[in-house]
Amino acid sequence: MRQTIPLFITFFIGILLIIAVFIPPFGELGETFTLFFDIMAVFAFFLGGGNLLRVHINKLRNKKPDWPYSIVTLSGFGLMLAAGLFKINNPGDIAAAVDTAGSLFYFMFHAAMVPLGSTMYSLLAFFVASASYRAFRAKNREATLLLIAAFIILLGRTPFGMYISGWIPDEVSLFQIPNLAVWIMNSPNLAGQRAIMIGIGLGVISMSLRLILGIERSYLGGDK
Amino acid sequence: MSYHSRRCLRSLPTITAIVSCLLLALPFYASGQEPVTDSVPADTAVVIEAAPPTTVLSSDHKYDDGDQINLSWVPSIDETLKDSKVIGYKIYRAEDGGEFELLAEIPDVDTTNAYADQEVEHGHKYAYYVASVTETGEYASLETMPLEPEREWLDLNKAYLFIMALIISGAVIIYVETAKRGKELFVRKIAGLEAIDDAVGRATEMGRPVLFIPGIHDMDDVQTLAALTILGRVARTIADYDTKIFMPVSRSLVMTAARETIKSSYQAAGRPDAYNDDMVNYVTDEQFGYVAAVDGIMVREKPATVFLLGAFFAESLILAETGNSVGAIQIAGTARPAQLPFFIAACDFTLIGEELFAASAYLSGEPRQLGSLKGQDVGKAIAMVVIIGGVATATLAGAWQMGFAESIHGWLMEVFSTN
Amino acid sequence: MENLGVIISLIIIFGGLAWLFWRSVQGREVERRIIFVFIFVAVAAPILFPITFEEKATPVVKSLFDKIESLPEKSKVLISFDYDPAMQPEVQPMANALSRHCLEKGHTVVFMCLWATGQSLLTATLESVIKPEFPELVDGTDYISVGYKAGNEGVLNVIVSDFIRMFPTDINGTPLDSTVIFQDIKSCADFDLILAVGGGRPGPKEWVLFVGDPAKVPIGVGVAAVVAPQLYPYYPRQVVGILGGVKGAAEYETELAAAHPRFDEVDKPGLRMMGPQTLAHMVIMAFIVIGNIAMFRARRKAE
Amino acid sequence: MDHVSVWLGAFLTLGILSFLYKDNPWYKLCEAIFVGASAGYWVIVLWWDNLVGKFYEGVGDDPALWVGMILGVLMLVRLIPKVGWISRWPLAFIVGATSGFWMMNYLGSNIIEQVGATIMPLLSTQVGAGFDAGVWMILSRLVVFVGTFTGLVYFFFSKEHKGAFGTTARVGIFFIMITFGASFGYTVMSRMSLLIGRIDFILGDWLGLIN
C-alpha cells in the first residue's frame, strides 16, 4: 500500500503528461505542473533550510572542529533572510521589488555574493591550466584527436590563427586556421553532438518509461 | 511540451487558408475592382482614397483549444498602386452579435494580410470586418459570418510524433516483457560502470568516505533523476561494504529524494539501522556557493571515491580537479556535452550522455531493466536506418531528380520535423 | 613605459615557460601552484600593459551583423539579458554592441530578462551605454525595458503568444498597452528579430526552441563561449548568427566600428579583453605541448 | 558605501583565490559567508517569486494552484514519523511529471529534429551553384552524415564492439572525441574571460592601477 499509491501517482501523472502533448485542451498542463513544482520547492526548502540550521547549530553546540565558521554561516543566513523578508533599507515601500537598488538585500547581493560567485567561477581558469598540463595528453588515438581538435579551435579563436595560416591561398581557404576552426565546429563537432543528442534522447525515453512503469523504484524508499 | 503544440499548429492551416482566399478572390480581383480605381480621375475631389479590402475570411484555427481564429483578406487594390494612400489596416470584431470594436491595427501594408486572433474563447461567436486606412479615413470591408472557434480533442498534426512515441516506447516495453519471461539479453560491458564496485571497495579499504554529487539541478531535470537511480545502486554497495557516504546537495527536493533512496538501499541490504539522515545534507541553491562548500569538504574529508553524476555546468572542472588533487578515484557522468571533456580529462571514468541514463538499468543487472536498454537500441537502429535512407533518397532526388526518391525524401522530412 | 612593461611581462612569461619545459623534459614534477602563478601572470600582465590584436569577423558573426544592418528602419527588435554577474565580462560587451547597433540603425528595441540577476545588468546597459550615447532617443517610444519576470521557460511559453499578459507594464510601471511601441506588438511573432544574450538555462537555446521555432522569428544569439558549440547545430536554420565569447564580442565591435565610425571612440571591452585572453590561450597551448613532450620523453625512457 | 563594497569585494575575492594555495581560515571564512548568505538569498527568492508571486498572486485566477500548495504541505508531513510515508506522494508526483514531460520533449527536440536535420542531399544540383561549387559542402555533409551514423553505432548496447561493428564504433568515438576537443577549446576561452574580469576588479577597481 505504501508503495502502491506513489507508484500509481507516478504512473498516472507521467502518462497524463505524455498524452497531453496530443490533446490541445491539455496543452498548458506542462506549465501548470511547473508552477506546482515551483510552489513545492518552497516547502521543500523548509526541510533543506531546516537541515542547514540543524547541522550548524549541532556543530556549534558540540564544538566540532571549525565550529566558529558555523556562527558566520548562521549569521549570514539570518542577515540575508531578514534583509529580504523585511526589505530592510529598501528605498521603496514594502511593495517594492526586494532587490531594489539601495536596499540592504541589494547591497549584500552585489557586495558579497557577486564577488564570491565570480571569483569561485574564475578558479576554473586555474584548473583549466593545471588540467591542460597534467591531463590533456596524447595517450592514445582518441586522446590525440581530442587534443588536435582542441588545439585548432584554441588557435582559431586567437588572432594568431590568422597570422600563421594567412599565407594559405584563398582557393583552399578552408585550411586557414580560423576557417578550419569554424569548419570543425560546423561539421565533425556537429556530427558528434548529434549522435550524443540522439543517444541522450533515447536514454531519457527509456529511463522515463522505467520510472513511469514502476520498473525503477529505488527513489521511493522501502515498505517501512 | 507546449512548444511542440504551438509550432505544429501554426503553419499549415494558415497557409492553406491564405492560399485558398487568394484563389477565391482572383476572379473578383481581376474583374470587379480594377475599373473602380481606374475610373477615379486624379484631379477630382473624390473622398474615397482607397478601396476596402475584399474577401475577408475568418476560419477556425485547427487543432487548438478553441482559442484562435485566423483572419485573412485580399489587400485593398490600391495597395498595389505606386502612390497608394493606404497606410494600414484596422480589424474590428463583434462578439456574440454585439457592437463592433477595434481589435487590432496593422501598419505594415506590404507584407501582412492575415491576422491570428488569439483573444477568443471557445463558446462565443465572433464576426469581423477589416478596413483599409488612409491618412484621412477608413474604408470598411463586408462583415464576415459569425464564427465560433472550435475546440479539437486530438491534435492530428502530431500523428507522426504519436507514432514515433508509440514505436520507441513499444520497443522498450516489448523487450522488458521478453526479459521478464526469462529470455537472456546481452548487453555489452560499460567500463565506467564496471568500476563502481572497485571504487567503493577502495574507499572501504582506505577507511575514507565516498562522496556523491548529484549535479546542481533540481528534481525537474532528468539528469538528476538518473543520478538518483544510480545512487540507489551505489548506496546498496556502500551498505554492503559498510563504507561512509557523504552527499552534499544543492536542492532541498533532491535532499529529500536522496534520503529516501539511500534509506531504501540500506533496507534492501538488511542494515536499516546503519542509515542516518546526516548522510545527505542541503548546502545552498547557489551554484558557486555550493561549489565552494563541496571543494572545502573534499580537501578536509579527503574522500577516496567521488561520484559526479547529473547536471553539471561550469563547476565540473573545479570539482573534478579538486577531487583529483586529493587523490580520489572519480567516476563522472553528465548529458551536457560542454562539460564532458573536463570530466574525461580529470576523472578516471566518464559516462557519456546516454550511458548516464542507462547506468542504473545496467547496474541493477535485473532482466527487465536490461530489456529497456535493448528497447533503446531499437530506437537507435531506426534513427540509423532513417539517416541512411534519408541521405540516400535526398541525394538521388537532389542530384538526379529521381521521382520516387523525391517522394520518399519528402515523406521522411514530413515525419522527422516537429513543425 | 608601457612598452617596457609589455616586454618585461613577455620575458617573464616566456622565460617561465622555458624553465617549465626544461623541468618537464627532465621528468621532474611541476607543482600545481606554479602552474597557477603562471596563468595569473599571463592574464594580469596584459591587463596592466594593454596589448591589442586585429580582428576580422567570421561568417557566423558577420551574418548576424548583416541581418541587423539590413533590417529596415523602425524594425522591432527584442533583446533579452539572460545572464548573471559571473557571465557578465563575457557577454555584456555583446549586449552593449548589439544594443548600440540596433539603436543606431533606428530600430525599436524592447529589453527584457529571464534571469533575476539580469535586471541590474540590463539597467547598467541602459544607464551607461544607451542614455549617454543616444540622448535623442525616448524611453517608451524608441526603446523600452520591461525588466524581469520569474518563470524561466514558462515566460517564453506565454510571451510567444501574448507578450502583455506576462509583462503588463514596463520597468517604470507604465502599462505596456499605453506605450507607442506595444501598439503593434502583441506577441513575440511581431518582432522582426530577437537577440538572446546569455549562456545558461533558460538562455539562447530555450529562445530558439520555445520562441524562434514556433513563432518563426529569426533569432540571433550572443553566448558565453562555453555554450556556443551547443548552438551551432541550430545555425543557420534556426539561428541567424552566433557571437561566441569575448572573441565573438571583439569581432562584432570591430565590425560595428568599421560600419559606424562613431563607435570607434567608445570603449570596446571585447577587443580590450582579447589581449589577456590571447596570451592566456598561448600559455594553455604551451602547457599542453610541454605536458605531451614530457610524456613522450618519459615513455621513451621507460622503453 | 561604494568604497565599502569594493574593499569587501577585494577581501572576499582574495580569500577565495587563497584556496589555490591551500585550504586556510581565510577561505573557510569566505566559504561560510557564501553558504550562509546565498542560502538566505534563495529562501528570499523562493519566498517572493514563488510563494508570493506565483501562488498568492495567482491562485485567485487559477484555483488549480492549490494542488501545488497541498503537495507542498504533504512534503512537510515527513516530520511526523507516523504518517511520514505520505511525503512520498509529492515526490512520486514530481518524478512522474519530470519523466512524462521530458520524455516527449526529448523525443521531439533530440531525436526527431536531429534525425531530420541530418537528412540532407550529399550532392545536389539545386543547392549553391551546381556540382563544382560544392566540393567543400559535399565533404562537410559527408562528414556530418558519417559522424552521426558512426556515433550512434558507438552507443549501441546490444553488440560487443568487435569486427566491422567495432571499427565503425571506433570511428564514432573519434568523432565524439573531436566534439569534446572542440568543446574544450571553446570553453577555455570562456574561462579566461572570467579570470580577466576578476583581475580587472583587483587591479582596477580596488588598487586603481589601470587608467
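Reply: Let us begin with a contact between two helices: in α8(A), A:Pro188, A:Leu190, A:Ala191, A:Gly192, A:Arg194, A:Ala195, A:Ile196, A:Ile198 and A:Gly199 meet D:Val143, D:Val144, D:Gly147, D:Thr148, D:Gly151, D:Leu152 and D:Phe155 of α5(D). By class, this contact has 10 nonpolar, 5 polar and 1 charged residues. The model is predicted, so local features need pLDDT of at least 70 and side-chain atom pairs pLDDT 80 or more, while totals for chains, interfaces and linings use all residues. Residues are numbered from 1 along each chain as its sequence is written, and chains are lettered from A and ligands numbered from 1 in the order in which they are written.

Me: What makes residues of α8(A) and α5(D) count as meeting?

Reply: Two residues are in contact if their C-beta atoms, placed from the backbone, lie within 7 Å. The residues named above in α8(A) and α5(D) meet in this sense.

Me: At what angle do helix α8 of chain A and helix α5 of chain D pack?

Reply: The angle is about 35 degrees, with the axes 8 Å apart; axes are lines fitted to C-alpha atoms, for helices over the stretch in contact, and angles run from 0 to 180 degrees between N-to-C directions.

Me: What makes B:Thr55 partly exposed?

Reply: B:Thr55 has 17 other C-beta atoms within 10 Å, so it falls in the partly exposed class. B:Thr55 lies in strand β1 (residues 54–60) of chain B, where a strand is a DSSP run (E) of at least two residues and a helix one (H or I) of at least four, numbered from the N terminus.

Me: How many of the residues of chain B count as buried?

Reply: Of its 419 residues, 54% count as buried, and chain B has 11 helices and 13 strands.

Terms used: Nonpolar A, V, L, I, M, F, W, Y, C, P; charged D, E, K, R; others polar. Buried ≥ 20, exposed ≤ 12 C-beta atoms within 10 Å, placed from the backbone.
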